[in-house]
Amino acid sequence: MSDVTRHKHGRPVHHWRRDAVELAALFTAVAVADVVANLVGHGPDGPGLLAVSAAALIATAGFHVWWSRRHGHAPPTGDTDARPPSAEEQAGPSDLPGGVAGESALWRMRTTVKDAPGSLAALCAALAEHRVDILSLQTHPLGEDTVDEFLLRAPGALAAADITGAVARAGGAGTWIERADAHDLVDAPTRVLGLATRTALDAAELPLALRQLLGRCTIRSLPATTPGGGRGPEAVPVEGVLEDTVMRLRAPEGGVVTVERPYLPFTPTEFARARALVELDARLGPRVPRGQDVLTLPEGNAITVRRADTGDVEAAKAMHERCSARTLGMRYHGPVGDADRYLNHLLSPRFGRTLAVQTPSGRIVGLGHLLWDGDETEVALLVEDQWQRRGIGGELLGRLVAMAVEAGCASVYAVTQSSNTGMVAAMRGLGLPLDYQIEEGTLVITARLDTVAGGGPELSLERSGKRAVRD
């Protein structure tokens, strides 16, 4: 019975030489058996010839077995039906543990090249020489030059200076590079759509969306008039202003959104994307998520924590009237009569996020603010006198810090008076590394968030031990 192998396209292929050898062996054995039978039946030396025939048959069978084992199970040259190679066999030496390159690293890089044929090819060839893989590429035309923005995967042992040096030798100028993470693997259109969705759901997301869109930059929202009634910033045209490393955009309420990135000029493409995001925010108007949590305080009272906005100004003013002068002074660090002037700014989602604590009757008894202050983030608390010392301040602070962590903030700081033991205790209750600065009775407490892996409001609930029901 002949063996059958398969061609690389799946067609069966018969090896006719092997079949011919087997048939020849069979005919030879039959002929020998016939001769032996005649000699044994008609000659005097029959027994001896029978023994010789048996030996010949054994030799033939042995030869057949040897031939089958040598050629019957080994695939012919070029046969592709063999077992696929393992992951170790498929990987190159540099991809294996202990290989030459080791683990890979992600980089975001931007460089400027001449807008001429072959300039990008030279850049790609220079990266390829260092085994750098280009995962994505965006081009920003600038007249005679082009700004190329790359997402790269490079060998872990390759330093940033080696990459920028290779780029410079290939004609790149003004190169900027920084480490990237897995979130940067999302393509640009998908990332922009995701940021637009976040901005559409929450007006407080606009500064965060701009920062993720443009990279490391400083964003400031300046109101049309200051809280004290003074003159605001100089107005900008509807189309905005782009000045090298600074862009100024008209805020929806008439103020100015300033974005500054001193280490790298903005391109017209980036300016157009940022302007479109701000225009979307302006068309949708002020908005905040309407979810809320119902909490049970240790003494059994139920309170509700929710997002607040400028629609809560009157309720916040009513809480101010119920607060003592000492409580307002510790919060606003100035004349108590000026406290109401800040509420429109503090409650606006353009400048941060505000959490309100209210009773079942709807009366606001506490406010917590997370304010975007350029590269820094400020937290501030105000709890009505009769509701203090019940854990409300710590609950608000934990939630605000969780929001800051989610937004990617490196730290949060609180400005208060050195005699405000309640705020100090709440900051210490976070369990985070703290820095203290005291000057003329003013205490600035900064909590570093780089040790926090992540989390949300649920983390603060677990820490405080309160029960929550989310609507």
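Trainee: Among contacts in the protein chain between residues at least 6 apart in sequence, what percentage join residues at least 24 apart?

Mentor: Keep in mind that this is a predicted model. Its secondary structure comes to 14 helices and 19 strands. Take the contacts between residues at least 6 apart in sequence, then keep those joining residues at least 24 apart: the share is 62%.

Trainee: Okay, and what share of the 471 residues count as buried?

Mentor: Here the cut-off matters, because buried means under 20% relative accessible area. Out of the 471 residues in the protein chain, the share that passes is 39%.

Trainee: Is arginine 389 buried or exposed?

Mentor: Let's find it before we judge it. Arginine 389 sits in the loop between strand S15 (376–383) and helix H12 (392–406), and has a positive phi of about 65° although it isn't a glycine. Exposed means over 50% relative accessible area. Arginine 389 has 71% relative accessibility, so it counts as exposed.

Trainee: Which loop holds arginine 131?

Mentor: Most residues other than glycine have a negative phi. Arginine 131 has a positive one, about 60°, and it is not a glycine. Its place is the loop between helix H4 (119–129) and strand S4 (133–142).

Trainee: And in S5, what is the bridge partner of leucine 137?

Mentor: S4 and strand S5 (residues 145–155) pair in the antiparallel sense over 9 bridges. Their hairpin has 2 residues between the strands, and glycine 143 takes a positive phi near 70° there. Over in S5, the residue bridged to leucine 137 is phenylalanine 150.

Definitions and conventions
Residues are numbered from 1 along each chain as its sequence is written. This is a predicted model: local features need pLDDT of at least 70, side-chain atom pairs count only at pLDDT 80 or more; totals for chains, interfaces and linings use all residues. Side-chain values use heavy atoms; hydrogens and water are left out. Helices (H or I, at least four residues) and strands (E, at least two) are DSSP runs, numbered from the N terminus. Buried means under 20% relative accessible area, exposed over 50%, partly exposed in between (1.4 Å probe, protein chains only). Contact means heavy atoms within 4.5 Å. Two strands pair if DSSP finds at least two bridges between them.
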